[in-house]
Amino acid sequence: MFNFDIKKKLQDKNGKQFLGRAAVYETPHGHIKTPAFVTVGTKAAVKGVTVEMMKDMNAQVFLANTYHLHIAPGEEVVKAAGGLHAFANWQGPMMTDSGGFQAFSLGAAFGTNVSKIATNDSGYVQEKKNQVSNSMAKVTEDGVEFRSYKDGSKIFFTPEKSMQIQQDLGADMYFAFDECTSPQATAEYQREAMERTHRWAKRSLDEHKRLEKKKTGIINTLTKKVKPPQALFGVVQGGQHLDLRRESAKTLGAMDFDGYGIGGSFTKEDMQRAVGTACAELPEDKPRHMLGIGEPIDFFLGIENGMDLFDCVAPTRMARHGSVHTKLGKVNIKNARFKTDFTPIEESCECYACQNYTKAYICHLLREKEMLGATLASVHNLHFVTKLVDDIRQAILDEEFFDFKKEFVKNYYGDK
RNA sequence: GCGACCAUGGUAUAACGGCUAUUACUCCGGUUUGUGGUACCGGCAAUGAGGGUUCGAUUCCCUCUGGCCGCC
């Protein structure tokens, strides 16, 4: 579908080849230089951030969510507006997630503190503390029954339904409907869910092809343009099990997807192995997106192991709670010591927040819950991760990836 | 001047004479990975002062101090 042009493959000083690469992905709404960080705007808005701010921080891609937009305002409204690009006033490349993650966040994880990144290395299957059976998502062979986060009403997503909604939303790239599992699920369940995700992938792909064929030549009444083609990404599952990851990547890699997402849960330690295992099986000439990952170290490990795109809510969520990235690690700008610190978050940072405001001011805004505080901190964090991934890309092109990684990790994580 | 009422962390409050004095906010920290996240978790911090009754007093009694209300 869209051209994915690999400019340079990652290798070390001894010429050893790695899965990583720097490329250009040519979408109908512009080229994406990969590796790239994808900014998350779940409800067609990056919380507290305008598209002008996004452009200013060199954000390349915008990702919204099918589940949320289906509930409000409804895909028919977005479609009537001329699609997501027109609706949200973002002319660059866009993606939508399928709603598959909500099978986890509203299902197994609902009402618990379980994250998709497991930190308990003593075992994945543990007794859930205070587990309550008020799950808002139920998985069946046909699809997932969700409850609306707004009014609790029932919403049933099938792979076909998710494709139809995502076609109406009109993002350049969208994802097959999958089931994101809990890291606490048993190996048996991980396999069961993975195999179901594979069946859903086939159904997603069939529906996608049907819809793509159907819309050929259709002119959007609002934009007066022919509806551009959309790319569909399959989603590799398999949790922390390398054999499942390999099997999932092989199965989906053999299917005619335009790109691939790596989804599901990992442990911090196993993430890079799971990613590397999957990428080794995926076709080289198609982009690979790491779903929901965005810690600085994860970019290096993901890219090294073959990933091209990352999206994550962490930069904006962290920012709203006062945690900001610096080259020397993250700090909580709400801490008392910043009350009278009249310097920017980082002197060398070129973001709008650092160019114009001090830590003391942002500290004050966040403490007083002024909306601008969340905006400025979000702008800084998004700029930080966007630039970090851009810098990693440049380091691949300059053949300095491993030196850059070593230097960054030393500064950011110290001895940890 | 007389009479009534009140006094608990920084603030606002709870506690029949009986567990380590409740809760919320503030304050000090932490967590956050395809956004149920303006969220969640942890911590510091108090019985106005003095005396009495009692095995035991935030609780009952007295004095003082400080509020507050009503009446000359």
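**Entry 1: the model.** I recorded that this is a predicted model, in which local features need pLDDT of at least 70 and side-chain atom pairs count only at pLDDT 80 or more, while totals for chains, interfaces and linings use all residues. Residues are numbered from 1 along each chain as its sequence is written, and chains are lettered from A and ligands numbered from 1 in the order in which they are written. I read pLDDT as the predictor's confidence in each residue, from 0 to 100. Its average over chain A is 93, and 95% of the residues score at least 70. Residues 121–133 fall below 50, and I found 14 contacts for this stretch beyond near neighbours in sequence. A contact requires the C-beta atoms of two residues, placed from the backbone, to lie within 7 Å. The model scores are ipTM 0.89 and pTM 0.94.

**Entry 2: chain A overall.** I listed 15 helices and 18 strands in chain A. The radius of gyration is 21 Å, close to the 22 Å of the globule rule for 416 residues, so chain A is as compact as a globular protein of that length. This radius is taken over C-alpha atoms, and the rule is 2.2 Å times the number of residues to the power 0.38. Along the principal axes, the C-alpha trace spans about 60 × 50 × 50 Å. Of the 416 residues, 48% are buried. I called a residue buried if 20 or more other C-beta atoms lie within 10 Å of its own, exposed if 12 or fewer, and partly exposed in between, with C-beta atoms placed from the backbone.

**Entry 3: the two domains.** I looked up the domain assignment, which gives domain 1 (4–312) and domain 2 (321–416) in chain A; such bounds come from an automatic or database assignment. Their C-alpha centres lie 26 Å apart. Domain 1 brings 27 residues to the contact and domain 2 brings 24. On the side of domain 1 that touches domain 2, α10 gives the largest share, five residues. I counted 15 nonpolar, six polar and six charged residues on that side. Here Ala, Val, Leu, Ile, Met, Phe, Trp, Tyr, Cys and Pro count as nonpolar, Asp, Glu, Lys and Arg as charged, and the others, Gly among them, as polar.

**Entry 4: RNA strand B.** I found 50 residues around RNA strand B, of which Cys180, Gly292, Val313, Ser323 and Ala336 come nearest. A residue is near the strand if its C-beta atom, placed from the backbone, lies within 6 Å of it. The surface divides into 18 nonpolar, 19 polar and 13 charged residues. Its largest share, five residues, comes from α11.

**Entry 5: two residues.** I placed Phe342 in the loop between β18 (329–332) and α12 (352–356). Phe342 counts as exposed because 10 C-beta neighbours lie inside 10 Å. Not counting residues up to four places away in sequence, Phe342 touches Thr358 and Ala360. I placed Leu244 in helix α8 (residues 242–253). Leu244 is buried, since 23 other C-beta atoms lie within 10 Å. With the same exclusion of residues up to four places away in sequence, Leu244 touches Gln190, Arg191, Met194, Gly238 and Gly239.

Terms used
Helices (H or I, at least four residues) and strands (E, at least two) are DSSP runs, numbered from the N terminus.
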